[in-house]
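Hi,

Here is the structure I promised to pass on. Have a look at it first, then read my notes below.

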Amino acid sequence: MAKFITIGERLSTTAPAVNKAFTERDPEPILKRAKQQLDAGATYLDVNIGPAESDGEDLMKWAVQLLQSEFDNVPLALDTSNKKAIEAGISVYNRSKGKPIVNSADAAGRIENIDLAAANDAIVIALCNGEGIAKDNDERMGYCQMLLERGLEHGMEAEDLWFDPLFLVVKGMQDKQMQILECIKMFSDMGLNSTGGLSNNSNGMPKHIRPIMDSAMVAMAMMQGLTSAIVNPNDLRLMETIKSCDILKNNTLYADSYLEL
Amino acid sequence: MPFTAKSGKFNASIKTVTVGTGDKAITLGGENVLPFYTFDAPIENAPKVGIEITDFGMENEPECVKKYYEGCTTLADIAKKAASFEGVDFLCFRMEGGDPNGANKSTEELMAALKEVAEAVDCPLVVAGSKNAEKDAELLSKAAEAVQGKNAIILAAREENYKTVGAAAGLAYNQIVGAESSVDINLAKQLNVLLTQLGVNASSIAMNVGTAAAGYGYEYVASTMQRVKAAALSQNDTQLQMPIITPVASEVWGVKEAVTTEADMPEWGCQERRGVDMEVQTAAADLACGSNAVILKHPTSVATISKMIKELV
């Protein structure tokens, strides 16, 4: 089995400092956050430029070139609802370290992002969700089939569709957590790759609790076969848990210094 | 439906390590397929074969090896002769006499011997220690200095002495650091991590992940090598992508099948035949399990293994 893939989530317009830097095309805060995440062991970096309706194409190109030139063609997830911005980002993207990830498609309004990924030989995060939150795993797996078929019809390899069960917040949807974990097992049994915004589960919890909940969630999800997650790589407890689970799953060979690698 | 063969080529590859200088320099590693799987992708650098001599000259060698060195009086003569045999890619000088539990030769004496050998040949050089970790810390550090500019493999840094040997060989004198672990995959990886954390360039490390003569716990050696190659190639484990060099002679020529004379055991037949068989079988298995270089002693073994490699790669 391949090593668990982490996608660093800290380059997002939801953070005011990042939003400001994107707007002003100020490289320094972007590069600083990128470096922190890569030093902590992130494989991919998510580049969330928000809806970026007016200047998305220009902004995504700028961000892709900035990050890849500074960090040896670091692989990126291009995260925006602006399809043209994703295409613009891919047009300047260097694939030597990994295909770009389109973040994301779903089974409702964003299903065409599957076609976009197929046309550009990209990976796509396929969110198994339609309108509103899926009520059970029958519904989720229905979306999964729909998205998978759409990808295959457009010539994608199944391995390039990374299925997202949509992690749900514990505070309010505690009774759904096992459903999500069972859904991951279903993806895994079908041989599919998976990912998701893992830290959704701990939304609204006190700051000191979140790394603990996220670590428990990632361990249980990896047991179920989760192959990737969008995470905060600067959460040391979480990253140590992922590395330890990779050892237990025999995804990486143990050495006494494994946490430093 | 037509059958489409799927290539077993990996997206990862073994690092290349160049040993020696000039025209005779050799390159180990570089492959992105399993050993000898040339049908999946070409193997650019075929495995290499070395010949081993020691500071004792011919003193402790079996008759069947001695006869090939007839007329050699000095270590320099022996080194030149060894390097001249068919199929030899590099020379390994083992400072066996340094062992405190053996002859316990002084570092000065052994450095003089090493320099004599190094000056006599222009082929790539491997310098091996006495197998005593404490003595080797000093011996191999001095050896790294003594053969400066030769781009030699210093065999080897171990868990007990990697700081001293690694710093001298890898940092101070720009040699290639051998990293020795005894049939322990986790330690093999850990030693590479420690050496790179020390500052040794990952492209200046060659691993000895363990060795044994066929029939003497060899299955552990085989599975270790296979697991190391699997991690390096299929899991893209950069800390295990160093090429593997395996000393065979020093193991094989110590077991009863190779050392018992025909006079003592007539029913076993010719001693030379037995020794060469053991050496060839062990080396062939090492190569099939992923060794990028083997170190042998008998000229017939060297020629045989070299021919095998040429026919397979």
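Let's start with the lining of the second largest pocket: by class, nine residues are nonpolar, 12 polar and 11 charged. Here Ala, Val, Leu, Ile, Met, Phe, Trp, Tyr, Cys and Pro count as nonpolar, Asp, Glu, Lys and Arg as charged, and the others, Gly among them, as polar.

Before going on: this is a predicted model, where local features need pLDDT of at least 70 and side-chain atom pairs count only at pLDDT 80 or more, while totals for chains, interfaces and linings use all residues. Residues are numbered from 1 along each chain as its sequence is written, chains are lettered from A and ligands numbered from 1 in the order in which they are written, and side-chain values use heavy atoms, with hydrogens and water left out.

Now the other find, the place where the chains meet. Chain B puts 12 residues in contact (heavy atoms within 4.5 Å) with 11 residues of chain A. Eight residue pairs across this interface are in polar contact, both residues being at pLDDT 80 or more. A polar contact is a pair of N or O atoms within 3.5 Å; within protein, one must be able to donate a hydrogen and the other to accept it, and residues adjacent in sequence count only if both atoms are side-chain atoms. On the side of chain B that touches chain A, helix α6 (residues 185–198) gives the most, with seven residues. Helices are DSSP runs (H or I, at least four residues), numbered from the N terminus. That side of chain B divides into four nonpolar, five polar and three charged residues.

Cheers

Technical notes: Helices (H or I, at least four residues) and strands (E, at least two) are DSSP runs, numbered from the N terminus.
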